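I set out to record how the secondary-structure elements are arranged. The entries follow in the order in which I looked them up.

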Amino acid sequence: MKRLFFATVGLAAFALAPQGAKAQDATWGCQVLLCAASQSPSWQGVSYCVTPMTKLINAMKKPGFSWPICHEAKAGKPGREQYEDCPAGTNIGYSESGRDGVKRTPNKCVQVVDRCENRSDFHARYGNADANDRANIELRTLYNDRDNLSKNGCKVQVTMPRPQRSNPYFFDIPNDRGVKERFWFNLRT
């Protein structure tokens with residue numbers, strides 16, 4: 001990844017200015033893109049990046065903010081995904097629905113478990129959880145026959161918080177072969 005970062009820095013600096021150009025001569029959008037793509041260390045650990053990224057964070061607080069774009073890199077505006085994927089075997093669940101029935105916040109992971117069939121596995125996983133885990137896990141017994149669920153109360157819907165990403169923003173930056181690579185970043189100072 002370092003190779004891609006330095007190749008992108010060199011390409012942007014070369015494309016944007018005459019011979020002898022430096023990264024700080026790049027447009028603000030390209031500075032933001034290059035700093036966001038810095039992975040090890042992240043932009044917070046690169047002294048050159050603190051100024052353009054702090055400027056970005058302050059600009060985002062103002063009305064009419066428009067993300068600065070680096071047209072030369074063909075990356076566009078960043079994306080944002082607040083949550084990690086749910087663990088294997090679980091599905092995305094929603095914590096709230098509006099009056100109109102529209103699901104709003106995909107911040108839960110949900111799984112239906114048969115606690116009678118897999119009694120020891122169920123108790124090992126959910127029955128022996130410490131107090132912190134139990135506070136985060138919601139168990140709801142399913143008694144109806146909707147979705148082919150048992151009427152005897154063996155089926156339990158397990159709901160837990162969906163993990164949040166530490167780096168929720170991303171840029172998809174084309175590499176030298178035109179294949180987009182995803183670079184995750186955060187805007188914490």
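I looked up the sheet: four strands form an open sheet in the order 2-3-5-4, with antiparallel pairing. I took strands as DSSP runs of E with at least two residues and helices as runs of H or I with at least four, numbered from the N terminus; two strands pair if DSSP finds at least two bridges between them. The model is predicted: local features need pLDDT of at least 70, side-chain atom pairs count only at pLDDT 80 or more, and totals for chains, interfaces and linings use all residues. Residues are numbered from 1 along each chain as its sequence is written, and side-chain values use heavy atoms, with hydrogens and water left out.

I noted that strand 2 (91–93) and strand 4 (138–141) are the edge strands; each has a single partner strand, so one side of each lacks a neighbour in the sheet. The twist from one strand to the next averages 35 degrees.

Glutamate 138 lies opposite threonine 159 of strand 5.

I turned to the helices. Helix 2 (residues 28–37) packs with helix 3 (residues 47–60) at an angle of about 110 degrees, their axes 9 Å apart. Axes are lines fitted to C-alpha atoms, for helices over the stretch in contact, and angles run from 0 to 180 degrees between N-to-C directions.

I recorded the contact (heavy atoms within 4.5 Å): helix 2 contributes Trp28, Gln31, Val32, Cys35 and Ala36, while residues from helix 3 include Tyr48, Met53 and Lys55.
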